[in-house]
Amino acid sequence: MDPIHQPHDKLFKAGFSDPANAAAFLRHQLPEALAVRIIWDALTLEPGTFVDSQFRESESDLLFSAPVS
């Protein structure tokens with residue numbers, strides 16, 4: 001993995017790379033109609049990124065998948 005140069009990116013990735021932490025946050029941030037349909041125990045951190053290469057040194061992202069019912 002490429003190094004992350006921004007301190008806030010390091011904090012974000014450290015805290016939310018764990019699916020349990022991400023689920024705890026996201027279940028309260030998403031609209032309730034969607035949050036109740038997500039199977040949170042199956043939330044999975046996926047490899048990949050949507051950050052354009054020109055922004056890679058200033059931004060990062062995490063990609064998750066989860067089934068819905």
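**Figure 1. Overview of the predicted model, with its helices and strands.** The protein has three helices and two strands, and from the N terminus on these elements run in the order α-α-α-β-β. Of the 69 residues in the protein, 16% are buried. The accessible surface comes to about 5100 Å², and carbon and sulfur atoms hold 58% of that surface.

Figure 2. Six residues make up the largest nonpolar core of the protein, namely Ala22, Ala23, Ala35, Ile38, Trp40 and Leu43. In soluble globular proteins, nonpolar side chains tend to be buried together. When residues up to four places away in sequence are left aside, tryptophan 40 touches Ala23, Leu26, Arg27, Leu30 and Ala35. Ala23 and Ala35, which are among these contacts of tryptophan 40, are also listed with Trp40 as members of the largest nonpolar core.

**Figure 3. Phenylalanine rings in an aromatic cluster.** Phe12, Phe16 and Phe25 form one aromatic cluster, and the structure holds two aromatic pairs. In the pair formed by phenylalanine 12 and phenylalanine 16, the ring centres lie 5.2 Å apart and the planes meet at 40°, so the pair is tilted. Because phenylalanine 12 and phenylalanine 16 are four residues apart in helix α1 (residues 7–16), about one helical turn separates them. Phenylalanine 12 counts as partly exposed, with a relative accessibility of 37%, and phenylalanine 16 likewise counts as partly exposed, with a relative accessibility of 24%.

Figure 4. Leucine 34 has its place in helix α3 (residues 32–35), whereas serine 69 is found in the segment after β2 (63–65). Although leucine 34 and serine 69 are 35 residues apart along the chain, their C-alpha atoms are separated by 9.7 Å. Serine 69 is also 33 residues away from valine 36 in sequence, while the distance between these two in space is 8.6 Å, C-alpha to C-alpha. Is serine 69 buried or exposed? At 57% relative accessibility, serine 69 counts as exposed, because the cut-off for this class is over 50% relative accessible area. Leucine 34, by contrast, is partly exposed, with a relative accessible area of 37%.

Methods: Residues numbered from 1 in each chain as written. Predicted model: local features only at pLDDT ≥ 70, side-chain atom pairs only at ≥ 80, totals over all residues. Heavy atoms only, no water. Buried < 20%, exposed > 50% of the residue type's maximum accessible area, 1.4 Å probe, protein only. Areas by Shrake-Rupley, 256 points an atom, 1.4 Å probe, with all protein chains shown as cover. Core = buried A, V, L, I, M, F, W, Y, C linked by side-chain atoms within 4.5 Å. Contact = heavy atoms within 4.5 Å. Phe/Tyr/Trp six-rings, centres within 6.5 Å; stacked < 30°, edge-to-face > 60°.
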